[in-house]
Amino acid sequence: MKYFSFQEFERSETAYRHGIDNTLPDKLKGNVAALVDKVLDPLREAWGKPITVTSGYRCAALNKAVGGSGTSHHCKGMAADISTGNKVENRRLFQLIIDLGLPFTQLIDEKGFSWVHVSLDQSDVKRQVLRL
């Protein structure tokens, strides 16, 4: 984990506002590390500029508070919503993930590239691309 930390995956304004403890359980740290090592760090290296994790791990209470899916990869430490800070650059980031051939389970354009969702379930690397 060269460019990202476990703390970035725990950080959540929603959790803070609602007093939710969103500490990443030790048993899920391997999932976060795999996502970072296989997807996010290589992406950051190729991008050459900072990438922000806007939503990483979500405990059940936080996932409910944000209206997340009950089967969300975020709850397993297998997903991150990432952003460069603007939609044009997020679109480029999205395409770079594809062009680099990085492994992923889902890659989602969220709300016209407001952010990019990327997940990695190492047992199901199906490279599903969606636009929501």
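Visitor: Which residue in β4 is the bridge partner of Q106?

Guide: The partner of Q106 is S119 in β4. This is a predicted model in which local features need pLDDT of at least 70 and side-chain atom pairs count only at pLDDT 80 or more, while totals for chains, interfaces and linings use all residues. Residues are numbered from 1 along each chain as its sequence is written, and side-chain values use heavy atoms, leaving out hydrogens and water.

Visitor: What makes β3 and β4 a pair?

Guide: Two strands pair if DSSP finds at least two bridges between them. Strand β3 (residues 106–110) and β4 have five bridges in the antiparallel sense, so they meet that definition. Strands (E, at least two residues) and helices (H or I, at least four) are DSSP runs, numbered from the N terminus. In the hairpin of β3 and β4, with four residues between the strands, K111 takes a positive phi near 55 degrees.

Visitor: How do you know that β2 pairs with β4, and which residue of β4 stands opposite A79?

Guide: Strand β2 (residues 79–83) and β4 are joined by four antiparallel bridges; at least two are required. A79 stands opposite S119 in β4.

Visitor: How many bridges join β1 to β2?

Guide: Three bridges join these antiparallel strands, and T52 has S83 in β2 as its bridge partner. The five strands form an open sheet in the order β1-β2-β4-β3-β5, with mixed pairing.

Visitor: Why are β1 and β5 called edge strands?

Guide: Each of β1 and β5 (128–131) pairs on one side only. Neighbouring strands of this sheet are turned by 30 degrees against each other on average, direction ignored.

Visitor: Why is β4 described as largely enclosed?

Guide: Four of the five residues of strand β4 (residues 115–119) are buried, so the rest of the structure largely encloses this strand. Buried means under 20% relative accessible area, exposed over 50%, and partly exposed in between (1.4 Å probe, protein chains only).

Visitor: Which strands does α3 lie across, and at what angle does it run to β2?

Guide: Helix α3 lies across β2 and β4, and runs at about 10 degrees to β2. Helix α5 lies across β2, β3, β4 and β5, at about 165 degrees to β3. Contact means heavy atoms within 4.5 Å; axes are lines fitted to C-alpha atoms, for helices over the stretch in contact, with angles from 0 to 180 degrees between N-to-C directions.

Visitor: What makes E45 and K2 a salt bridge?

Guide: A salt bridge is a side-chain nitrogen of Lys or Arg within 4 Å of a carboxyl oxygen of Asp or Glu. E45 and K2 meet at 3.3 Å, N to O, so the pair qualifies. E45 lies in helix α3 (residues 29–47) and K2 in the segment before α1 (6–10), so the bridge ties together parts that are 43 residues apart in sequence. E45, at 46%, is partly exposed, whereas K2, at 60%, is exposed.

Visitor: How do you know that E89 and K49 meet in a salt bridge?

Guide: Their N to O distance is 2.9 Å. E89 belongs to helix α5 (residues 87–99) and K49 to the loop between α3 and β1 (52–55), so parts 40 residues apart in sequence are tied together. Salt bridges that share partners join K49, E89 and R92 into one network.

Visitor: Are E89 and K49 buried, partly exposed or exposed?

Guide: E89, at 17% relative accessibility, counts as buried; K49, at 38%, counts as partly exposed.
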